[in-house]
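Good morning, and thank you for coming.

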Amino acid sequence: LLFMHVINVIGYGFDTTNQPDYQFFSKKGWGTLRPHLTKTLRYVFQCAIDLGLLTVVLSYVGGGAFITLFGDDYLNIFVQSVHDAILLTKYDGAIEVMGSTELVPPLAHKLGRQITNIGRIPAIWKGPDAESKLFVNAWDPHSYAGNGNKGDYSLDGYIGRHSAVSYFSCVDLNPHILKNMYALPT
């Protein structure tokens with residue numbers, strides 16, 4: 001039995017004009033996404049700090065199928081938001097990437113450090129130091145974490161079919177969630 005640290009992070013939806021995120025940011029300006037995405041990513045790095053985890057394994061949250069109608073350079077905004085979140089939390093651990101190869105060069109350049117793409121789920125969970133890493137799941141909040149499991153070919157689906165993330169992330173099934181909630185430090 002393997003124990004992994006997974007944080008479920010909600011990506012914004014820009015895949016249809018009916019998405020509330022699309023409607024909000026298309027009116028407010030695409031660049032206004034950056035502080036919102038930075039706040040989301042602050043939770044990731046603060047979680048790693050609080051749990052004493054040595055490495056954050058980023059996914060390209062919101063950078064897949066959900067950005068088809070985004071009216072700006074999402075990759076650049078994502079990289080800038082990662083940078084901002086690291087500065088705000090003072091995270092000094094390692095950063096790796098899973099899945100997305102396009103994220104590695106701009107992230108390494110912006111952060112001025114080596115960034116490695118370590119592969120895909122489930123193979124990356126079998127490494128010798130996997131239990132000391134925080135894996136970032138790009139989650140769709142309109143479903144349980146883990147989503148469609150075997151029938152879902154997104155990162156969330158792969159995590160769902162190779163873990164108990166649906167169980168551990170559901171407040172109705174896991175009462176420990178409510179006991180361990182906290183706000184970001186200001």
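This is a predicted model: local features need pLDDT of at least 70, side-chain atom pairs count only at pLDDT 80 or more; totals for chains, interfaces and linings use all residues.

Helix 2 (residues 33–51) packs with helix 3 at an angle of about 45 degrees, and their axes are 7 Å apart. That angle makes helix 2 oblique to helix 3; angles under 35 degrees count as roughly parallel, over 145 as roughly antiparallel, 65 to 115 as roughly perpendicular and the rest as oblique. Axes here are lines fitted to C-alpha atoms, for helices over the stretch in contact, and angles run from 0 to 180 degrees between N-to-C directions. Helices (H or I, at least four residues) and strands (E, at least two) are DSSP runs, numbered from the N terminus.

Residues are numbered from 1 along each chain as its sequence is written, and side-chain values use heavy atoms, with hydrogens and water left out.

Which residues make the contact between helix 2 and helix 3? Among them are Leu37, Leu41, Phe45 and Ile49 of helix 2, and Ile77, Phe78, Ala85 and Leu88 of helix 3; contact means heavy atoms within 4.5 Å. By class, this contact of helix 2 with helix 3 has 12 nonpolar, 5 polar and 3 charged residues. Here Ala, Val, Leu, Ile, Met, Phe, Trp, Tyr, Cys and Pro count as nonpolar, Asp, Glu, Lys and Arg as charged, and the others, Gly among them, as polar.

Helix 3 (residues 74–89) also packs with helix 4 (residues 104–111), at an angle of about 40 degrees and with the axes 10 Å apart. Helix 3 is therefore oblique to helix 4. The residues in contact include Val79, Val82 and His83 of helix 3 and Pro106, Leu107 and Leu111 of helix 4. The classes in the contact of helix 3 with helix 4 are 7 nonpolar, 2 polar and 1 charged.

Let us turn to the chain as a whole. It has 7 helices and 5 strands, in the order β-α-α-β-α-β-α-β-β-α-α-α along the sequence. Of its 186 residues, 40% are buried, where buried means under 20% relative accessible area, exposed over 50%, and partly exposed in between (1.4 Å probe, protein chains only).

Next, the backbone. Most residues other than glycine have a negative phi, and most peptide bonds are trans. Lysine 90, in the loop between helix 3 and strand 3 (94–98), has a positive phi, near 65 degrees. Is lysine 90 buried or exposed? Lysine 90 is exposed, because its relative accessible area is 68%. A cis peptide bond joins isoleucine 121 and proline 122, with omega about 5 degrees. Proline 122 lies in the loop between strand 4 (116–119) and strand 5 (133–139).

Finally, consider two phenylalanines. Phenylalanine 3 sits in the segment before strand 1 (5–10) and is exposed, with a relative accessible area of 54%. Phenylalanine 135 belongs to strand 5 and is buried, with a relative accessible area of 0%. Phenylalanine 135 and histidine 5 are 130 residues apart in sequence, yet 6.1 Å apart in space, C-alpha to C-alpha. Leaving aside neighbours within four places in sequence, the contacts of phenylalanine 135 include His5, Val57, Met98, Ile118 and Trp125.
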